[in-house]
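These are my notebook entries on one structure. I looked up strands, rings, charges and surface, in that order.

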Amino acid sequence: CWVCVPRMQITDASGSPVYKVHPPTCVGGMCVDICAEGNPCCGKGCCKVPFYIYPATQADTDNGAPYVGKVVKVPKSLAVEFFTDAEAYDSLPSGC
């Protein structure tokens, strides 16, 4: 259900919304789309599910709506994923 999709809002210093951030969705925005980046498992033992960044003024942010950027977890080896809590992320502009 839609409560399972993490959604965040980025605000400026005055508290005004600047960006909306959430993973790509499907089924009318009710589920996280694990196939949005192609093959959900990258071959190194972890799945790539990005968080897309949308302007705060954009009304529709679900079902493949255009985004201005994304944050993607960088996959590590299976051993690193299982035995450490180290994580690395890339932030990319739209189109990457």
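**Entry 1: the hairpin**

I started with β1 and β2, which form a hairpin with 5 residues between them; in the turn, Gly 15 has a positive phi of about 90°. The model is predicted, so I kept to its limits: local features need pLDDT of at least 70, side-chain atom pairs count only at pLDDT 80 or more, and totals for chains, interfaces and linings use all residues. Residues are numbered from 1 along each chain as its sequence is written, and side-chain values use heavy atoms, with hydrogens and water left out.

I found β1 at residues 8-11 and β2 at residues 17-22, paired in the antiparallel sense over 4 bridges. Strands count as paired here if DSSP finds at least two bridges between them. Gln 9 has Lys 20 in β2 as its bridge partner.

**Entry 2: the chain as a whole**

I listed the secondary structure and got 1 helix and 7 strands. Helices (H or I, at least four residues) and strands (E, at least two) are DSSP runs, numbered from the N terminus. Along the sequence the pattern reads β-β-β-β-β-β-α-β.

I then took the totals. Of the 96 residues in the protein chain, 22% are buried. Buried means under 20% relative accessible area, exposed means over 50%, and partly exposed lies in between (1.4 Å probe, protein chains only). The accessible surface is about 6,000 Å², and 62% of this belongs to carbon and sulfur atoms. Areas come from the Shrake-Rupley method with a 1.4 Å probe; for residues, only the protein chains shown count as cover. Among contacts between residues at least 6 apart in sequence, 44% join residues at least 24 apart; a contact means heavy atoms within 4.5 Å.

**Entry 3: strand β5 and its partners**

I followed β5 next. β2 and β5 pair in the antiparallel sense over 4 bridges, and Val 21 has Ile 53 in β5 as its bridge partner. β5 is also joined to β6 by 3 bridges, again antiparallel. There Ile 53 stands opposite Gly 69.

I looked at Val 71, which lies in strand β6. Val 71 is partly exposed, with a relative accessible area of 28%. Not counting residues up to four places away in sequence, Val 71 touches Pro 50, Phe 51, Ile 53, Tyr 89, Asp 90 and Ser 91. I also checked Val 71 against Pro 23: the two are 48 residues apart along the chain, and their C-alpha atoms are separated by 9.2 Å.

**Entry 4: aromatic rings**

How many aromatic pairs does the structure hold? I found 2. The rings of Tyr 52 and Tyr 54 have their centres 6.5 Å apart and their planes at 75°, so I noted this pair as edge-to-face. The rings considered are those of Phe, Tyr and Trp (its six-membered ring), paired if their centres lie within 6.5 Å; planes under 30 degrees apart count as stacked, over 60 as edge-to-face and the rest as tilted. Tyr 52 is buried at 7% relative accessibility, and Tyr 54 is buried at 1%.

Tyr 52 and Tyr 67 form a stacked pair, with 4.0 Å centre to centre and 10° between the planes. Tyr 52 lies in β5 and Tyr 67 in the loop between β5 and β6, so this pair ties together parts that are 15 residues apart in sequence. I recorded Tyr 52, Tyr 54 and Tyr 67 as one aromatic cluster.

**Entry 5: charges**

I searched the whole structure for salt bridges and found 1. The criterion is a side-chain nitrogen of Lys or Arg within 4 Å of a carboxyl oxygen of Asp or Glu. The side chains that meet are those of Arg 7 and Asp 62, at 2.9 Å, N to O. The pair links distant parts of the chain, with Arg 7 in the segment before β1 and Asp 62 in the loop between β5 and β6, 55 residues apart. Are the two residues buried or partly exposed? Arg 7 is partly exposed at 39% relative accessibility, whereas Asp 62 is buried at 15%.

**Entry 6: a nonpolar patch**

Ile 10, Val 18, Tyr 19 and Val 68 form a nonpolar patch, with about 300 Å² of accessible area together. Patches are made of residues with over 30% relative accessible area and no salt bridge: like charges are joined within 9 Å, nonpolar side chains (Val, Leu, Ile, Met, Phe, Trp, Tyr) within 5 Å. I placed Val 68 in the loop between β5 (51-55) and β6 (69-73). Val 68 is partly exposed, with a relative accessible area of 42%.
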